[in-house]
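Hi everyone, thanks for making time this morning. I'd like to walk you through one chain, going from its overall outline to its inside.

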Amino acid sequence: MHWDRLFEDLEGQLAAEWEAERAALDAESERLRISKLTLRDRLRVLHRSGAPAVVHLAEGDRVSGRIAAVGADWIAVHIRDAAGALIVPIGALSGIETHHGAILETLEDVEAPHDTLRSRMTLGFLLRDFARRRVAVHLALGGGERVHGTIDRAGEDHLDLAVHDAGESRLASAVRSFRVVPLTAVRWVRTTAATV
């Protein structure tokens, strides 16, 4: 009888140790999986969920809305109660605020869908499309500067902007100046038309 209790006790201890070791391995495996997630991966899940979010920008601005698209190096935000979209380079984000459930959902092991054309578009590609369609834009640049105009052309790492007043068409008589803007200076691009 005494030996039976001793062996039962040893078996219980061994099972508990195995369970603790398995739990530790599972936790380490989960930490490793999460360590491989990119911000873009998580933004894509947040976009698919449609959760409301507050987007914090590097210059201190904040906008409320929903992530409407995720490109190769940018996101588009549909701002609540406003037409158009705000295009934000991922490097110009200082954070995304949303409810706890949406944050946890972005950590789930969701199989990534095949890349769409939009998800492979770079900011330069998107801005070249705006230039082709003559879309008027508001640009926020580093240091808090804001300019309005029409993108005449966009290169790999810069754009040419014909600066004119909001609400005016890009006519030679309306253009006040021309500017070459490095894409690294762009904090956000705002359109008033449905462009993304």
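**Outline and cores**

Of the 196 residues in this chain, 36% count as buried. Please keep in mind that this is a predicted model.

Let's take the overall outline. The chain has five helices and ten strands. Its C-alpha atoms fill a box of roughly 105 × 30 × 30 Å along the principal axes. The radius of gyration is 25 Å, whereas a compact globule of 196 residues would come in near 16 Å.

Now, the contacts. Among those with a separation of 6 or more, 56% join residues 24 or more positions apart.

So what sits inside? The largest nonpolar core has 26 residues, and Ile87, Leu127, Phe130 and Leu159 touch the most other members. Several elements each supply at least two residues of this core, including strands E2 (62-70), E3 (74-79) and E4 (85-89), as well as helix H5 (123-133). Helix H5 gives the largest share, five residues.

Let me stay with Leu159 for a moment. Leaving aside residues up to four places away in sequence, Leu159 touches Leu127, Leu139, Ile151, Arg153, Ala154, Arg179, Val180, Val181 and Leu183. Apart from that core lies another, of 19 residues, with Val55, Val70, Ile79 and Ile90 among them.

And the surface? The chain exposes about 11700 Å², with carbon and sulfur atoms supplying 54% of that area. As for charge, there are 25 positive and 29 negative charges, and their mean positions are 12 Å apart.

That's my tour, and I'm happy to go back to any part of it.

Definitions and conventions. Residues are numbered from 1 along each chain as its sequence is written. This is a predicted model: local features need pLDDT of at least 70, side-chain atom pairs count only at pLDDT 80 or more; totals for chains, interfaces and linings use all residues. Side-chain values use heavy atoms; hydrogens and water are left out. Helices (H or I, at least four residues) and strands (E, at least two) are DSSP runs, numbered from the N terminus. The radius of gyration is taken over C-alpha atoms; the globule rule is 2.2 Å times the number of residues to the power 0.38. Buried means under 20% relative accessible area, exposed over 50%, partly exposed in between (1.4 Å probe, protein chains only). Contact means heavy atoms within 4.5 Å. Accessible areas come from the Shrake-Rupley method with a 1.4 Å probe; for residues, only the protein chains shown count as cover. Lys and Arg count as positive and Asp and Glu as negative; His and the chain ends are not counted. The place of a charge is taken as NZ of Lys, CZ of Arg, CG of Asp or CD of Glu. A nonpolar core is a set of buried Ala, Val, Leu, Ile, Met, Phe, Trp, Tyr and Cys residues joined through side-chain atoms within 4.5 Å.
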